[in-house]
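Subject: The structure we talked about

Hi,

Here is the structure I promised to send over. Have a look at it first, and then read on for what turned up.

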Amino acid sequence: MDETPFGDDTLHEECGVFGIFQRADAAAVVTLGLHALQHRGQEAAGIVSYDGMQFHVERHAGLIGDTFTKAAVLERLPGTAAIGHTRYATTGGGGLRNVQPFFAELSAGGFAVAHNGNITNAMTVQRELQRRGSIFSSTSDTETILHLVATSGARMFVDKLIDALSRLEGAFSLVGLSANTMFGVRDPLGIRPLVLGDLEGAPILASETCALDIIGAEFVRDLEAGEMVVITEDGIESVFPFQARRARFCIFEYVYFARPDSNVEGRNVYDIRKKIGIELAKESHVAADVVVPVPDSGVPAAIGYSQEAGLPFELGIIRNHYVGRTFIQPTDSIRHMGVKLKHNANRKMIEGKRVILVDDSIVRGTTSQKIVRMVREAGASEVHMRIASPPTSASCFYGVDTPEKAKLLASRMSIEEMAEFIQVDSLAFLSIDGLYRACGEASRSKIAPQFCDACFTGDYPTALTDQDGADNVRQLSLLGGAG
Ligand code: AMP
């Protein structure tokens with residue numbers, strides 16, 4: 001067993017949130033919204049609805065399409081307001097008790113919360129609360145929010161929530177539901193996305209715009225960093241309860257995480273990924289015959305690359321869509337197997353050719369190693385790997401599933417060593433400024449970086465209280481992230 005704080009990856013989750021207010025069949029709409037956000041988490045999902053009298057809670061392991069589409073499940077979720085969450089936790093994490101939304105009957109009334117991101121001082125706050133008598137029923141950092149709301153001395157519910165969230169560090173984009181109000185909040189840096197939508201007058205909160213598209217809802221706007229929206233029968237009120245800070249949206253959402261058909265913070269994700277490919281070709285082109293993406297994550301960047309380089313784009317690797325994402329399988333051996341199940345070389349497009357392979361990122365290097373071997377076995381005469389992001393050299397503490405630093409290939413090898421490890425003729429990564437240029441910035445500002453890019457730079461924009469407290473290290477592996 002790994003002794004390091006992130007040894008078993010239990011901390012890291014990837015999540016999507018969705019909520020709708022004042023709409024018949026609210027839970028059915030949330031189901032559809034969560035289905036569009038399935039890429040943000042595949043392990044489990046939950047929905048909480050409110051029917052005007054009481055709250056109803058359903059939480060299930062598995063994919064939305066296999067669980068919440070059953071009529072009986074939706075019948076148990078009546079009401080015109082509902083929020084939901086889709087979650088991935090790599091291993092452990094306590095099963096259903098950690099599945100969100102979390103719900104509690106507080107002295108101020110029922111309250112449900114669903115959270116995307118990771119709170120970096122949850123363990124510290126949790127221990128403090130436990131010393132004062134709080135009893136936690138999960139190992140998720142999100143439960144901390146409920147306890148902080150429950151113990152707040154503020155009079156109005158909204159002030160209790162503000163009070164609670166002001167105690168937290170890290171990333172949180174969340175939706176909350178009380179008897180007559182739906183809340184949407186982004187942390188002061190706006191690290192994770194959250195948008196406001198509208199379905200024929202019913203307000204919606206969703207992690208990404210793709211969830212609005214599939215139900216025919218209109219995009220209203222992104223919530224701003226540090227903004228709280230308070231949605232009641234009377235309308236939508238916006239407040240900025242936290243100390244103002246310069247926003248630092250997660251740049252990895254553009255590289256990999258968000259769906260390409262989403263618009264995030266005013267930018268279309270697919271468009272950014274193509275521009276990333278263009279920058280990559282400008283920075284590190286090499287003579288070759290064909291550009292081949294590692295599907296699906298490398299496709300838009302490979303299109304941009306091939307257009308910029310004037311080389312043919314071919315699907316030289318075919319992906320089997322009925323296999324989950326390889327990266328997030330729990331054990332190394334399964335992860336290896338997953339890669340074989342997932343991709344197959346399309347020999348006709350590769351044989352005898354100098355191939356430029358494009359993928360979005362290298363994490364442990366497992367995927368690249370397998371893919372390169374496969375492409376060579378299919379007869380490529382040269383294999384050049386081009387990566388559509390800088391080397392991933394630091395762990396994410398804000399809700400994206402990355403392994404501990406020691407397992408990141410780029411944290412222990414130079415680029416030449418990585419090239420040797422994955423057996424390519426050449427390897428190049430996009431520069432950090434190239435990534436910023438693709439996102440519409442002239443370069444990365446050294447004084448005030450425009451994004452959170454901690455996974456590439458190690459520059460963490462918030463305190464990491466739980467990590468910094470040495471006595472927390474042992475317990476960290478017990479506390480799951482929120483996703
Ligand atoms: P690895 O095999 O560990 O190097 O993983 C690299 C592959 O995982 C790339 O093809 C990425 O598309 C994908 N990937 C990168 N980051 C993540 C993540 N946080 N969750 C799931 N997959 C990821």
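A word on burial before the details: a residue is called buried if its relative accessible area is under 20%, exposed if over 50%, and partly exposed in between, using a 1.4 Å probe and protein chains only. Please keep in mind that this is a predicted model, in which local features need pLDDT of at least 70 and side-chain atom pairs count only at pLDDT 80 or more, while totals for chains, interfaces and linings use all residues. Residues are numbered from 1 along each chain as its sequence is written, and side-chain values use heavy atoms, with hydrogens and water left out.

**The cysteines**

The UniProt record, an unreviewed entry, puts the feature "binding site" at Cys 250, Cys 396, Cys 452 and Cys 455. These positions are spread over 206 residues of sequence, yet they cluster in space, with a largest C-alpha distance of 10.0 Å. UniProt positions are given in the numbering used here, feature names are shortened, and such annotations may be inferred rather than shown by experiment.

Cys 396 sits in the loop between β21 (382-387) and α14 (409-412). Helices here are DSSP runs of H or I with at least four residues, strands are runs of E with at least two, and both are numbered from the N terminus. With a relative accessible area of 8%, Cys 396 is buried. Cys 455 belongs to helix α17 (residues 454-457), and its relative accessibility of 10% makes it buried too.

Which residues is Cys 455 in contact with, leaving aside its neighbours within four places in sequence? They are Phe 252, Pro 391, Thr 392, Ser 393 and Ala 394, where contact means heavy atoms within 4.5 Å.

How many disulfides does the structure hold? The number is zero, a disulfide being a pair of cysteine sulfur atoms within 2.5 Å.

**Backbone features to look at**

Most residues other than glycine have a negative phi, and most peptide bonds are trans.

- Gln 100 and Pro 101 are joined by a cis peptide bond, with omega about 0°. Pro 101 is in the loop between β4 (81-89) and β5 (102-106).
- Pro 295 and Asp 296 are also joined by a cis peptide bond, with omega about -10°. Asp 296 is in the loop between β17 (290-293) and α10 (299-309).
- Glu 265 is not a glycine but has a positive phi of about 50°. Its place is the loop between β15 (263-264) and β16 (267-268), and Glu 265 is partly exposed at 28% relative accessibility.
- Gln 423, again not a glycine, has a positive phi of about 65°. Gln 423 is in the loop between α15 (415-422) and β22 (426-429) and is partly exposed, with a relative accessible area of 47%.

**Helix packing**

Two packed helices are described by the angle between their axes and the distance between the axes. The axes are lines fitted to C-alpha atoms, for helices over the stretch in contact, and the angles run from 0 to 180 degrees between N-to-C directions.

Helix α4 (residues 122-131) and helix α5 (residues 143-151) have axes that come within 10 Å and cross at roughly 45°. That makes α4 oblique to α5; angles under 35 degrees count as roughly parallel, over 145 as roughly antiparallel, 65 to 115 as roughly perpendicular, and the rest as oblique. Ala 122, Val 125, Gln 126 and Leu 129 of α4 make the contact with Thr 144, His 147, Leu 148 and Thr 151 of α5.

The axes of α5 and helix α6 (residues 157-166) come within 8 Å and cross at roughly 130°, so these helices are oblique to each other. Here Ile 145, Leu 148 and Val 149 in α5 meet Phe 157, Lys 160, Leu 161, Ala 164 and Leu 165 in α6.

Val 175 is part of strand β7 (residues 173-178) and is buried, at 0% relative accessibility. Not counting residues up to four places away in sequence, Val 175 touches Val 17, Phe 18, Ile 83, Ala 112, Val 113, Ala 114, Phe 183, Leu 194 and Leu 205. The C-alpha atoms of Val 175 and Ala 82 are separated by 9.9 Å, although these residues are 93 apart along the chain.

Best wishes
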